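I opened my notebook today to look up a protein model, step by step.

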Amino acid sequence: MSWAQISALVFGVGGFGALVAATTSNEWKVTTRASSVITATWVYQGLWMNCAGYIQACRGLMIAAVSLGFFGSIFALFGMKCTKVGGSDKMKAKIACLAGIVFILSGLCSMTGCSLYANKITTEFFDPLYVEQKMGYAYNGATSAMSSRTKYGGEGNFKTTNPSKQFDKNAYV
């Protein structure tokens, strides 16, 4: 039983670390300004580079997820049977259950923030009336994996998704 709790704690703290890395990353959106193949320039944009309304909502959800993940890690540490802190076994079981609920809420907050951001990028990219520079998804581990799995139902790579029928593949080359 102790090994299961230790592995659950390691996975929970690892997920919390990935969440912090994804939140602070500057690679949420990417575009290229290529005049030729040799002089391509990549421009990245993160949650902290723009003040649009949906980005502020994503920021809030990701910060809430980080905060909940931190407290979930602390609760999980106190709720383990192998620690001396936390009281009786009955109280530790309640603390461990609370840690699980807090981790689930943290995951829901991060999944909602990533899905909101991915949906906005997708609608801007495929909208023919959108006149600003087209931005695509960045392929930075946790963020793009979370966005792809929530937006496209399990496909791990955005290169494999099929664009909508009104999209002209030569319009942005």
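**Entry 1: ground rules**

I noted that this is a predicted model, where local features need pLDDT of at least 70 and side-chain atom pairs count only at pLDDT 80 or more, while totals for chains, interfaces and linings use all residues. I also wrote down that residues are numbered from 1 along each chain as its sequence is written, and that side-chain values use heavy atoms, with hydrogens and water left out.

**Entry 2: the whole chain**

I looked up the secondary structure and found four helices and three strands in the protein chain. Helices (H or I, at least four residues) and strands (E, at least two) are DSSP runs, numbered from the N terminus. Along the sequence, I read the pattern α-β-β-α-α-β-α.

How much of the protein chain is buried? I found that buried residues make up 31% of its 173 residues. Buried means under 20% relative accessible area, exposed over 50%, and partly exposed in between (1.4 Å probe, protein chains only).

For the accessible surface I got about 10600 Å², with 66% of it belonging to carbon and sulfur atoms. Such areas come from the Shrake-Rupley method with a 1.4 Å probe, and for residues only the protein chains shown count as cover.

Then I turned to contacts (heavy atoms within 4.5 Å). Of the contacts with a separation of 6 or more, 59% are between residues 24 or more positions apart.

Axes are lines fitted to C-alpha atoms, for helices over the stretch in contact, and angles run from 0 to 180 degrees between N-to-C directions.

Helix 1 (residues 2-24) packs with helix 2 at an angle of about 160°, and their axes are 10 Å apart. The two are therefore roughly antiparallel to each other. The cut-offs are under 35 degrees for roughly parallel, over 145 for roughly antiparallel, 65 to 115 for roughly perpendicular, and oblique for the rest.

Which residues meet here? On the helix 1 side I listed several, including Leu9, Phe16 and Val20, and on the helix 2 side Met62, Phe70 and Leu77 are among them. By class, this contact has 11 nonpolar, five polar and no charged residues. Ala, Val, Leu, Ile, Met, Phe, Trp, Tyr, Cys and Pro count as nonpolar, Asp, Glu, Lys and Arg as charged, and the others, Gly among them, as polar.

**Entry 3: helix 2 with helix 3**

Helix 2 (residues 53-79) and helix 3 (residues 89-126) pack at an angle of about 160°, with axes 8 Å apart. I therefore called helix 2 and helix 3 roughly antiparallel. Their crossing is left-handed. The residues in this contact divide into 24 nonpolar, eight polar and three charged.

**Entry 4: single residues**

I picked cysteine 58, which sits in helix 2. Is cysteine 58 buried or exposed? With a relative accessible area of 0%, cysteine 58 is buried. Leaving out residues up to four places away in sequence, cysteine 58 touches Leu47, Gly113, Leu116 and Tyr117.

Next came the loop between helix 2 and helix 3, where I found methionine 80. Methionine 80 is buried, at 6% relative accessible area. Beyond residues up to four places away, methionine 80 touches Gln5, Ile6, Leu9 and Lys92. Methionine 80 and leucine 9 are 71 residues apart in sequence, yet their C-alpha atoms are 8.7 Å apart in space.

Glycine 86 is in the loop between helix 2 and helix 3 too. Glycine 86 counts as partly exposed, at 24% relative accessibility.

Key: A crossing is left-handed if the near helix is turned anticlockwise from the far one by less than a right angle, and right-handed if clockwise.
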